[in-house]
Amino acid sequence: MLVDLLLAAAVIAFTIPPTVMGHSFSLWDGVPQPVELTVGSATAATMLLRRYTPWPAIVAGVLCACLVGETVPMVLAVFSLTAEHRARSWTCVALALMAVYLVVDYENPYTDRIFYLSVVRAVTLVYLPALVGTWVYDHRRGIRELRAGVREREESAVLEERRRIARELHDTVTHAVTGMVLNAGLIRDPVDPADIPDLAEGIEDKGVEALGELRQLLTMLRREDVPVVEGAEAIARLAEDARAAGLRVDVRLDVPPGALPPEVTHVCYRLVQEGLNNVRRHAPGSEVRIAGAIEQGHVDISVVNTAGRPVGGTVSGTGGGAAGGKGGPAGGTGPGGRAATRTPLLGGGYGLPGIRERVSLLGGSLTAGPTPDGGFVLAARLPLEPPGKQADLRQRRTVRG
């Protein structure tokens with residue numbers, strides 16, 4: 001609005017003073033001075049409408065040039081035509097205004113009255129502003145598109161960050177709470193009171209583990225890094241926890257220490273954690289095999305369990321495995337080999353989708369499904385170099401080449 005007011009003031013300064021002092025020029029003789037003043041004032045007022053529609057300014061500019069002899073409003077009008085609006089026929093309008101400018105400039109007694117100079121001025125002061133206006137319009141449109149793209153990328157980044165946090169929370173909380181609930185189910189109806197301290201200690205350990213991982217998650221959110229997870233040592237601890245919960249777990253990891261990037265190590269850890277967690281919930285009587293090996297730039301990690309079966313005289317959930325098979329109350333052994341009925345657990349349904357997202361982000365592939373013997377397999381193949389790092393490495397090699 002301030003710019004439009006300044007342009008209106010400029011039009012008044014170019015039209016009213018020459019008219020009052022008798023220096024105005026008209027293509028038609030005998031135009032009354034009040035008419036010229038009215039035309040000049042109306043032309044200035046159209047500057048306030050140029051952003052909404054350019055045609056009042058164009059018509060008023062032509063009248064002002066023909067009746068007052070002032071061409072500046074016409075120059076501002078043709079610039080507004082292309083800078084503020086997408087006019088497909090702007091070339092025709094610019095050529096028509098050039099013709100008007102050429103006649104007025106050549107007939108004006110206060111100019112040099114040289115034809116080719118009038119042509120140069122018509123091209124410079126009419127067509128060129130119209131052309132510059134098209135560049136301004138395209139520039140503004142590009143800025144708008146960039147801003148819209150930035151907003152979309154920001155929204156996408158926020159959504160991805162929320163999904164990332166949700167994955168971390170699911171894997172952290174679900175794993176720890178599952179162990180705590182299973183131990184709490186054993187305490188509910190104990191056979192041997194001497195086992196209660198061990199079960200309570202297990203609940204406490206799981207709570208401390210959950211707090212530690214949540215603290216790591218908060219650190220990750222502040223530093224925008226993945227949580228620091230050891231390699232085979234962390235997976236070995238998961239296997240020990242599973243054995244303490246009554247599972248028979250065999251671990252075979254052929255992965256040298258430090259051979260995996262932190263992102264890949266973290267996904268391997270979460271995959272094993274999710275697999276064992278679901279086996280405890282849905283097939284506690286099964287045998288579990290954890291395997292990992294590096295082959296040709298990839299690491300293969302898998303959690304395979306057999307079908308659930310009765311343990312310690314208690315009927316376990318039928319079938320199922322890491323995917324969360326169907327079944328009734330899950331059975332298992334507590335401390336000292338004692339059997340007890342465990343509380344059925346309902347999965348939230350976000351475990352496997354979260355693992356699939358983690359694997360996909362690293363450019364890997366995930367396999368999750370039943371095995372021929374009624375068990376379940378959860379396996380992933382992950383590249384040792386994530387896609388982003390591979391692209392950076394190719395770019396650096398290209399630059400060096």
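User: Hi! Quick one to start: where is glutamate 233 found?

Analyst: Glutamate 233 is found in helix 8. Helices here are DSSP runs of H or I with at least four residues, strands are E runs of at least two, and both are numbered from the N terminus. This is a predicted model, where local features need pLDDT of at least 70, side-chain atom pairs count only at pLDDT 80 or more, and totals for chains, interfaces and linings use all residues. Residues are numbered from 1 along each chain as its sequence is written, and side-chain values use heavy atoms, with hydrogens and water left out.

User: Thanks! Is glutamate 233 buried or exposed, or partly exposed?

Analyst: Partly exposed, with a relative accessible area of 44%. The cut-offs are under 20% relative accessible area for buried, over 50% for exposed and partly exposed in between, using a 1.4 Å probe and protein chains only.

User: And what separates the C-alpha atoms of glutamate 233 and proline 257?

Analyst: They are separated by 9.1 Å, and the two residues are 24 residues apart along the chain.

User: On to the sheet. What is the order of the five strands?

Analyst: The order is 1-2-3-7-6, in an open sheet with mixed pairing. Two strands count as paired if DSSP finds at least two bridges between them. At the edges are strand 1 (248-254) and strand 6 (365-370), each pairing on one side only. On average, neighbouring strands are turned by 5° against each other, direction ignored. For such angles, axes are lines fitted to C-alpha atoms, for helices over the stretch in contact, and values run from 0 to 180 degrees between N-to-C directions.

User: Which helices pack on it?

Analyst: Helix 8 (residues 232-244) does, touching strand 1, strand 2 and strand 3, and its direction makes about 170° with that of strand 1. Helix 9 (residues 262-282) packs on the sheet too, touching strand 1, strand 2, strand 3, strand 6 and strand 7 (376-383). The direction of helix 9 makes about 10° with that of strand 3. Contact means heavy atoms within 4.5 Å.

User: How many bridges do strand 2 and strand 3 pair over?

Analyst: Eight bridges, in the antiparallel sense, between strand 2 (residues 287-295) and strand 3 (residues 298-305). Isoleucine 294 has valine 299 in strand 3 as its bridge partner. The hairpin of these two strands has two residues between them, and glutamine 296 there takes a positive phi near 50°.

User: What about the other neighbour, strand 7: how many bridges join it to strand 3?

Analyst: Eight bridges join strand 3 to strand 7, and they run antiparallel. Aspartate 300 stands opposite arginine 381 in strand 7. Strand 3 is mostly covered, with six of its eight residues buried.

User: Now the hydrophobics. How many residues has the largest nonpolar core?

Analyst: It has 29 residues, and Val249, Leu271, Val272, Leu276, Val288 and Ile290 have the most contacts inside it. A nonpolar core is a set of buried Ala, Val, Leu, Ile, Met, Phe, Trp, Tyr and Cys residues joined through side-chain atoms within 4.5 Å. Helix 9 gives the most to this core, with eight residues. Apart from it lies another core of 23 residues, among them Leu81, Ala94, Val104 and Ala122.

User: What does valine 272 touch?

Analyst: Ile235, Leu238, Ile290, Ile301 and Val303, not counting residues up to four places away in sequence.

User: Switching to aromatics: how many pairs are there?

Analyst: Two aromatic pairs. Rings of Phe, Tyr and Trp (its six-membered ring) pair if their centres lie within 6.5 Å; planes under 30 degrees apart count as stacked, over 60 as edge-to-face and the rest as tilted. Tryptophan 90 and tyrosine 127 have ring centres 5.7 Å apart and planes at 35°, so the pair is tilted. This pair links helix 5 (residues 90-107) to helix 6 (residues 115-188), with the two residues 37 apart. The rings of tyrosine 106 and phenylalanine 115 have centres 6.1 Å apart and planes at 75°, so that pair is edge-to-face.

User: Last one: which charged end sits over the ring of tyrosine 106?

Analyst: That of arginine 113, 5.7 Å from the ring centre. The criterion is NZ of Lys or CZ of Arg within 6 Å of the ring centre and within 35 degrees of the ring normal.
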